[in-house]
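Good morning, and thank you for coming. Please look at the sequence and the model on the screen while I go through the main features.

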Number of protein chains: 2
Amino acid sequence: MGSAEAVATDIPEDFDGLRTLLLSRREAMPKRLKQIAAFALEHPEDMAFGTVAGIAEHAGVQPSTLVRFAKSLGYDGFSHLQQIFRDRLRERFPDYRERLRGLRDSEGHHVHAASLLEGFTHAAAISLERMQASVRPEELSRAIETLAKADTIYLLGARRVFPVIAYCAYAFGKLGVRAILIDHVGQLGPEQLAIASKRDAVLAISFTPYAPVTADLAAAAAQRDVPVVAITDSAFSPLVTNADVWLEVAEADFGAFRSLSASFALAMALAVGTAEKRAEG
Amino acid sequence: MGSAEAVATDIPEDFDGLRTLLLSRREAMPKRLKQIAAFALEHPEDMAFGTVAGIAEHAGVQPSTLVRFAKSLGYDGFSHLQQIFRDRLRERFPDYRERLRGLRDSEGHHVHAASLLEGFTHAAAISLERMQASVRPEELSRAIETLAKADTIYLLGARRVFPVIAYCAYAFGKLGVRAILIDHVGQLGPEQLAIASKRDAVLAISFTPYAPVTADLAAAAAQRDVPVVAITDSAFSPLVTNADVWLEVAEADFGAFRSLSASFALAMALAVGTAEKRAEG
DNA sequence: TCTATATTGGAATTTTTATTCCATTTTTGT
DNA sequence: ACAAAAATGGAATAAAAATTCCAATATAGA
């Protein structure tokens with residue numbers, strides 16, 4: 001016994017932890033392993049994407065040495081170590097379920113509750129960050145212009161995104177912009193939308209799994225030449241075909257639930273932007 | 001010859017090109033391939049990291065269909081296609097900087113629209129960060145325990161926070177927890193809440209300026225010994241006096257509008273925590 | 001310098017993963 | 001409604017990758 005393998009007690013499951021570990025062990029490492037440690041911190045992307053053979057060649061070591069490196073840190077093998085680098089690129093929590101399970105066993109209930117909260121908070125933060133990169137300013141401007149020209153704005157959204165559209169109703173009301181929430185009570189959606197004309201506009205939101213009502217009502221409106229502004233999560237959304245302008249928002253999830261933070265931020269920007277544009281002209 | 005394979009003349013080598021290609025072919029694609037195309041654009045990260053088997057399962061298709069998909073676009077095989085997704089993740093950071101620079105250079109309206117969006121995004125991020133510090137894990141646990149013990153959960157929230165409570169109705173439903181949304185249609189709030197007993201619970205949310213309905217209905221429920229869990233923004237809130245447990249959330253604002261992000265994250269943590277606790281015992 | 005111990009290189013092996021093939025189902029055109 | 005073509009599912013196969021093992025080399029302590 002007493003081999004080189006670590007006692008596998010504190011294996012870092014995220015990149016920061018790994019970096020700290022590597023730095024602290026740096027001095028005590030044999031030549032090739034130190035070489036790999038340096039390479040890993042310098043080229044985390046290669047570590048995330050490469051194969052053992054490829055990375056080994058780049059780093060100037062043997063494939064087996066890479067596996068040894070991973071094991072000496074306490075990981076099962078190279079694949080396990082690589083997961084850390086992949087998670088980092090994904091900006092996701094490392095194996096969150098595992099972590100939650102561990103917390104539940106070791107400490108009290110409130111720790112678990114806190115980490116649930118942390119999970120949803122994190123998902124929200126990621127969504128916001130991603131949206132900053134994905135929404136194109138020109139499209140946003142076009143959407144605002146379309147809504148600003150409208151006489152009345154009809155708000156369309158069901159199920160998961162209903163809260164967003166409900167908030168739009170609140171915000172437009174506060175801003176003095178005439179907007180009508182199509183809540184589809186008593187299945188009266190079509191009737192609620194029937195009076196929309198080409199001088200109005202529809203703001204429709206829908207994410208997977210796309211609620212059929214939303215797409216149907218938006219299509220019906222588009223048919224009658226009512227301008228449609230859509231917020232959705234993919235170019236394949238049924239809303240896209242009928243939309244004059246569409247904005248893409250990909251929300252991050254935690255467990256089975258997706259965030260709505262980015263959608264809210266976007267909806268608010270649309271609402272305020274519309275109100276300001278109207279005030280101008 | 002003349003098989004289904006594409007003529008391999010214009011294989012996009014970057015993500016944007018691929019996206020454009022997929023969009024242009026969207027209509028002509030058979031069902032499963034379209035399904036994959038949608039999945040690929042929605043979950044580019046999974047495409048980058050996953051294995052054929054894993055991605056196929058997530059997307060709900062057979063592994064062979066994934067390979068066919070890649071080939072139908074002109075790629076050698078799945079691995080070749082996957083490379084596009086990996087390259088995209090590698091270049092994500094420079095891409096983002098480009099975008100910001102472009103933003104600065106472009107014309108006035110777009111900049112303004114973009115900065116509105118940034119403002120709301122920022123407010124949301126700040127709110128999330130603050131909440132992490134202000135919510136005490138023990139209180140959160142107590143709130144979850146209270147809700148978990150309840151037979152039926154009555155959801156109370158009006159005006160600005162109505163979206164949060166509406167989302168709770170959605171989440172609890174998904175999680176199989178009996179919950180009733182007091183939407184106060186036709187001013188029937190008191191009647192909707194009348195059947196709540198001490199074996200149930202009320203989850204009430206209210207922020208300044210506190211909507212009187214919410215406080216009144218919560219007080220009426222508390223009067224009849226229905227446990228009340230409250231989410232509010234200060235110790236001076238009218239909800240506090242009637243609540244058995246209360247959680248404080250201070251949302252940041254941008255312009256006249258406050259974020260709701262932190263409230264959403266908290267509400268989701270409550271919902272999932274409650275469902276888990278019920279599953280345990 | 002010599003020996004015990006740790007480290008390294010590289011081929012052999014096992015495991016995982018991508019791809020192909022064919023029978024079955026679905027769609028399309030007449 | 002029918003035949004032909006296209007699309008699909010799933011098992012079989014091929015390819016690629018990770019891991020292991022052992023001999024060779026280097027290192028440290030006496």
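I begin with a definition: a residue is near a molecule or strand if its C-beta atom, placed from the backbone, lies within 6 Å of it. What we have is a predicted model, in which local features need pLDDT of at least 70 and side-chain atom pairs count only at pLDDT 80 or more, while totals for chains, interfaces and linings use all residues. Residues are numbered from 1 along each chain as its sequence is written, and chains are lettered from A and ligands numbered from 1 in the order in which they are written.

Let me turn to the DNA. DNA strand C is surrounded by 20 residues, and the closest are A:Ser64, B:Val52, B:Ser64, B:Gly77 and B:Phe78. Helices H2 (31-42) and H5 (63-73) of chain A, together with H4 (52-59), H5 (63-73) and H6 (78-90) of chain B, each supply at least two residues of this surface; helices here are DSSP runs of H or I with at least four residues, strands are runs of E with at least two, and both are numbered from the N terminus. H5(A) provides the largest share, four residues. By class, the surface near DNA strand C holds 10 nonpolar, seven polar and three charged residues. In this scheme Ala, Val, Leu, Ile, Met, Phe, Trp, Tyr, Cys and Pro count as nonpolar, Asp, Glu, Lys and Arg as charged, and the others, Gly among them, as polar.

Around DNA strand D there are 19 residues, the closest being A:Val52, A:Ser64, A:Gly77, A:Phe78 and B:Ser64. Here H4 (52-59), H5 and H6 of chain A, with H2 (31-42) and H5 of chain B, each supply at least two residues. The surface near DNA strand D divides into 10 nonpolar, seven polar and two charged residues.

How many residues of chain A are in contact with chain B? There are 52, and they meet 56 residues of chain B, where contact requires C-beta atoms, placed from the backbone, within 7 Å. H8(A) gives the most to the side of chain A that touches chain B, with 15 residues. That side comprises 35 nonpolar, 10 polar and seven charged residues.

Within chain B, the axes of H5(B) and H6(B) come within 8 Å and cross at roughly 75°; axes are lines fitted to C-alpha atoms, for helices over the stretch in contact, and angles run from 0 to 180 degrees between N-to-C directions. H5(B) is therefore roughly perpendicular to H6(B), a term covering 65 to 115 degrees. B:Leu66, B:Val67, B:Ala70 and B:Leu73 of H5(B) meet B:Phe78, B:His80 and B:Leu81 of H6(B). This contact has six nonpolar residues, one polar and no charged.

Two backbone details deserve mention. Most residues other than glycine have a negative phi, and most peptide bonds are trans. The bond from A:Thr208 to A:Pro209 is cis, with omega near -10°, and A:Pro209 lies in the loop between strand E3 (201-206) and helix H12 (212-223) of chain A. A:Arg159, a residue other than glycine, has a positive phi near 55°.

Finally, confidence. Chain A averages a pLDDT of 83, with 88% of the residues scoring at least 70; pLDDT is the predictor's confidence in each residue, from 0 to 100. Over residues 92-107 of chain A the pLDDT is below 50. Where pLDDT is low, the predicted coordinates should not be read in detail.

Definitions and conventions
Contact = placed C-beta atoms within 7 Å. Parallel < 35°, antiparallel > 145°, perpendicular 65-115°, else oblique.
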